[in-house]
Amino acid sequence: MATANINTPTGPLVVSRVYPAARELVFRAWSSADHVKRWFCPSGYSVPEATVDFKAGGAFDICMRSPEGHDHWTKGRFTEITPHSRLVIDMNVVGDQAELLFRAHTVATFAEVAGGTRLEVTQTYALIESSAVSMIEGATRGWSQTLDRLELEVVRIQKAAPAKSLDRRTSG
């Protein structure tokens, strides 16, 4: 009997991006289903359903819909939330029949840098179903596109935020 040689990444996937925004704002984009639905998928996909219970142990369940109308579910849990600096999410990626395809351990770190915030996403995988190897192999491209979409959400949040008062009148 032949055995399949499944090529999976030997180390973690690491992607990063600098956003011209405060750490708190970039961090906030991960904190609710409303925000996540706008950006947590690659180009051409949408997020019709999401549950984000933003607390340690809380759900991070995302349905990504492909351009062809296929739903791809990621069901996860926040295992760590350190405000404005670090998120850790354990995710299970499931197939059409709710079968587990692979696990992804995701760490997002947020650091102040000149010009804004550096977000770094590190993801390690445990392949369960060999048919999902192409998903893991495409993760770098998918995350790059996803982080592009995150930039648009950060801009949207910035525009929606009320302007701080510059009223400097003195009483007297």
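Is aspartate 34 buried, partly exposed or exposed? Select aspartate 34: its relative accessibility is 42%, so it counts as partly exposed. For these words, buried means under 20% relative accessible area, exposed means over 50%, and partly exposed is in between, using a 1.4 Å probe and protein chains only.

Before the next stop, a word on what you are looking at: this is a predicted model, in which local features need pLDDT of at least 70 and side-chain atom pairs count only at pLDDT 80 or more, while totals for chains, interfaces and linings use all residues. Residues are numbered from 1 along each chain as its sequence is written, and side-chain values use heavy atoms, with hydrogens and water left out.

**Stop 1: helix H2**

A salt bridge here is a side-chain nitrogen of Lys or Arg within 4 Å of a carboxyl oxygen of Asp or Glu. Both residues belong to helix H2 (residues 33–39), where they sit four residues apart, about one turn of the helix. Helices (H or I, at least four residues) and strands (E, at least two) are DSSP runs, numbered from the N terminus. Arginine 38 has 38% relative accessibility, so it is partly exposed.

**Stop 2: helix H4**

Now select glutamate 153 and arginine 156. They form a salt bridge whose closest N and O atoms are 2.8 Å apart. Both lie in helix H4 (residues 139–160), three residues apart, about one turn of the helix. Glutamate 153 is buried, because its relative accessibility is 3%, whereas arginine 156, at 29%, counts as partly exposed.

Show both pairs at once: Asp34, Arg38, Glu153 and Arg156 are linked in a network of salt bridges.

**Stop 3: lysine 55 and aspartate 53**

How many salt bridges does a search of the whole structure find? It finds nine. One of them joins the side chains of lysine 55 and aspartate 53, at 3.6 Å from N to O. Lysine 55 is partly exposed at 47% relative accessibility, and aspartate 53 is partly exposed at 32%.

**Stop 4: serine 66**

Finally, select serine 66, in the loop between strand S3 (59–65) and strand S4 (71–82). With a relative accessibility of 6%, serine 66 counts as buried. Which residues does serine 66 touch, not counting those up to four places away in sequence? Look for Gly44, Tyr45 and His72, where contact means heavy atoms within 4.5 Å.
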